[in-house]
Amino acid sequence: MKLTKLIPASVVASALPLVAFAQDAEVAAPTFDEIGPYILTTLLFLIGGFLVMWMAAGFAMLEAGLVRSKNVATQLTKNVALFAIASVMYWLIGFNLMYPGEWMIEGIMGPWFSTTSLEPVGLAAADASLDYASVASDFFFQLMFCATTASIVSGTLAERIKLWPFLIFTAILTGVIYPIEASWQWGGGFLSEMGFSDFAGSTLVHAAGGFAAFAGAIVLGPRIGKFKDGKVHPMPGSNLALATLGTFILWLGWFGFNGGSQLAAGTVGDITDVGRIFANTNMAAASGALVALILTQLVYGKVDLTMVLNGALAGLVSITAEPLAPSLLMSLIIGGIGGAIVVFAVPALDKMKIDDVVGAIPVHLVAGIWGTLAVPLTNDGTSFMTQLIGVVVIGLFVFVVSLIVWVILKSTMGIRVSEESEITGLDKAELGMEAYPEFSNG
């Protein structure tokens with residue numbers, strides 16, 4: 001029996017427009033195939049972003065553990081402040097400078113002071129650009145990389161730099177220097193056109209931060225007593241438990257750093273690749289730690305925990321340029337070489353009388369260069385010469401501009417605390433408070 005025989009014809013006729021509207025609405029409704037990639041990639045950016053944000057805690061704990069107790073509160077203050085500054089500067093200048101809609105100088109310089117705008121509240125699928133992810137999630141994810149670059153500088157210059165000059169440099173690094181050089185690759189600039197490849201930033205983030213730190217260390221000079229009478233005098237950190245915690249936090253955050261850099265999660269292939277990146281990232285870290293552990297035993301006769309921690313980090317930095325293409329075996333090799341780099345680069349830096357408190361230059365600069373040059377070993381889409389050109393161009397730009405900024409800061413407001421303040425400790429001199437007030441300074 002048909003339903004229409006039980007309902008008056010007039011009622012059926014009046015309902016027909018509603019039925020037609022419902023049918024049209026059903027046809028117009030987007031399918032999951034249309035909105036799924038947008039939703040899943042946005043989710044990848046948000047999850048990856050908060051994992052990378054957690055790395056800020058890792059850097060803070062690592063640095064707090066590797067500086068002396070009289071400087072811990074200052075180091076923690078710098079890490080909180082640099083993240084806040086990076087957040088503001090990347091919104092104000094950096095994001096659109098790094099990802100320009102239009103180039104001011106084609107392939108080299110994007111627009112200045114083009115602030116980031118987010119989607120409207122309650123965005124409808126019909127009004128969204130479904131070919132990628134939300135602007136908000138993309139901005140949030142990319143901001144975390146910008147802040148990471150500044151964190152690298154913080155550890156190298158610890159225990160003798162004034163707070164405010166450091167924060168001014170951080171504003172310039174995160175608002176201008178990092179976005180410009182990163183745009184050359186990730187923003188579709190000239191290095192991208194050349195075929196340079198840096199998947200998640202071994203050079204664009206880590207080596208860049210290392211070059212900025214290296215320039216600062218040269219201008220700032222070593223800590224009092226570090227190099228005396230032709231000898232290197234160790235200055236042990238205050239808390240190796242904190243340093244170890246910081247390393248594990250960084251290790252965890254790196255899964256977001258590298259995995260999120262797949263930049264897509266809407267297909268079986270994409271999400272499988274994210275899993276592959278996780279596995280390769282972990283293998284490189286493990287290998288870097290093991291190689292540093294074995295080498296310190298062989299070279300020094302005893303295992304050095306700080307070298308093992310930095311070995312793991314160097315393995316992570318090394319695999320960051322290409323965490324997708326390698327096999328687990330190649331990831332082990334790439335990360336292991338990163339761990340070896342730390343063991344030999346730290347004393348080499350001491351011979352140059354460059355004082356790097358936490359070992360950031362060997363870990364981020366030297367291992368970052370190695371990881372970038374190693375990309376052609378597993379990715380046949382680039383070449384050693386192209387990778388080398390990219391490293392040199394980025395290195396020269398970041399180092400020279402950073403050097404100029406450091407020199408200007410030194411000549412105008414001074415960047416180094418007084419000898420008395422350095423001996424007393426930056427916590428009392430710069431902040432008037434101590435991280436461990438119940439203990440004597442060390």
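User: Is the crossing of H7 past H13 left-handed or right-handed?

Analyst: Residues are numbered from 1 along each chain as its sequence is written, and side-chain values use heavy atoms, with hydrogens and water left out. A crossing is left-handed if the near helix is turned anticlockwise from the far one by less than a right angle, and right-handed if clockwise. By that rule, H7 passes H13 in a crossing that is right-handed.

User: At what angle do H7 and H13 pack?

Analyst: Helices (H or I, at least four residues) and strands (E, at least two) are DSSP runs, numbered from the N terminus. Axes are lines fitted to C-alpha atoms, for helices over the stretch in contact, and angles run from 0 to 180 degrees between N-to-C directions. The axes of H7 and H13 (residues 384-412) lie 8 Å apart. Their packing angle is about 35°.

User: How many nonpolar residues are in the contact of H7 with H13?

Analyst: Contact means heavy atoms within 4.5 Å. From H7 come residues including Phe-211, Phe-214 and Ile-218, and they meet a set in H13 that includes Val-398, Phe-399 and Trp-406. Ala, Val, Leu, Ile, Met, Phe, Trp, Tyr, Cys and Pro count as nonpolar, Asp, Glu, Lys and Arg as charged, and the others, Gly among them, as polar. The contact has four polar residues and one charged, and the nonpolar number 15.

User: How are H5 and H7 oriented to each other?

Analyst: H5 (residues 163-183) and H7 (residues 202-220) pack at about 135°, with axes 11 Å apart. Angles under 35 degrees count as roughly parallel, over 145 as roughly antiparallel, 65 to 115 as roughly perpendicular and the rest as oblique. H5 and H7 are therefore oblique.

User: How many charged residues are in the contact of H5 with H7?

Analyst: The crossing of H5 and H7 is right-handed. H5 contributes Phe-169, Leu-173, Tyr-178, Glu-181 and Ala-182, and H7 contributes Leu-204, Val-205, Ala-208 and Ala-212. By class, there are eight nonpolar residues and no polar ones; the charged count is one.

User: How many nonpolar residues are in the contact of H11 with H12?

Analyst: The axes of H11 (residues 328-351) and H12 (residues 360-373) come within 9 Å and cross at roughly 130°, which makes the pair oblique. The contact includes Ile-337, Gly-338 and Ile-341 of H11, and Val-363, Val-366 and Trp-370 of H12. One residue is polar and none is charged, and the nonpolar count is 13.

User: Is Thr-281 buried or exposed?

Analyst: Thr-281 sits in H9 (residues 268-300). Beyond four places in sequence, Thr-281 touches Trp-254, Phe-255, Asn-258, Leu-316, Ile-319 and Pro-323. Buried means under 20% relative accessible area, exposed over 50%, and partly exposed in between (1.4 Å probe, protein chains only). At 0%, Thr-281 is therefore buried.

User: What separates the C-alpha atoms of Ile-224 and Glu-419?

Analyst: Ile-224 lies in the loop between H7 and S1 and is partly exposed, at 36% relative accessibility. Leaving aside neighbours within four places, Ile-224 contacts Met-235, Arg-416, Glu-419, Glu-422 and Ile-423. Ile-224 and Glu-419 are 195 residues apart along the chain, yet their C-alpha atoms are separated by 7.8 Å.

User: What is the phi of Asp-229?

Analyst: Most residues other than glycine have a negative phi. Asp-229 is in the loop between S1 (227-228) and S2 (231-232). Asp-229 is exposed, with a relative accessible area of 69%. Its phi is positive, at about 55°.

User: Where is Phe-113 found?

Analyst: Phe-113 is not a glycine, but its phi is positive, near 50°. At 56% relative accessibility, Phe-113 counts as exposed. Its place is the loop between H3 (72-98) and H4 (135-156).

User: Over which residues does pLDDT stay under 50?

Analyst: The protein chain averages a pLDDT of 92, and 93% of the residues score at least 70. Where pLDDT is low, the predicted coordinates should not be read in detail. The stretch under 50 has three contacts beyond four places in sequence, and it covers residues 1-25.

Key: Predicted model: local features only at pLDDT ≥ 70, side-chain atom pairs only at ≥ 80, totals over all residues. pLDDT = per-residue confidence, 0-100.
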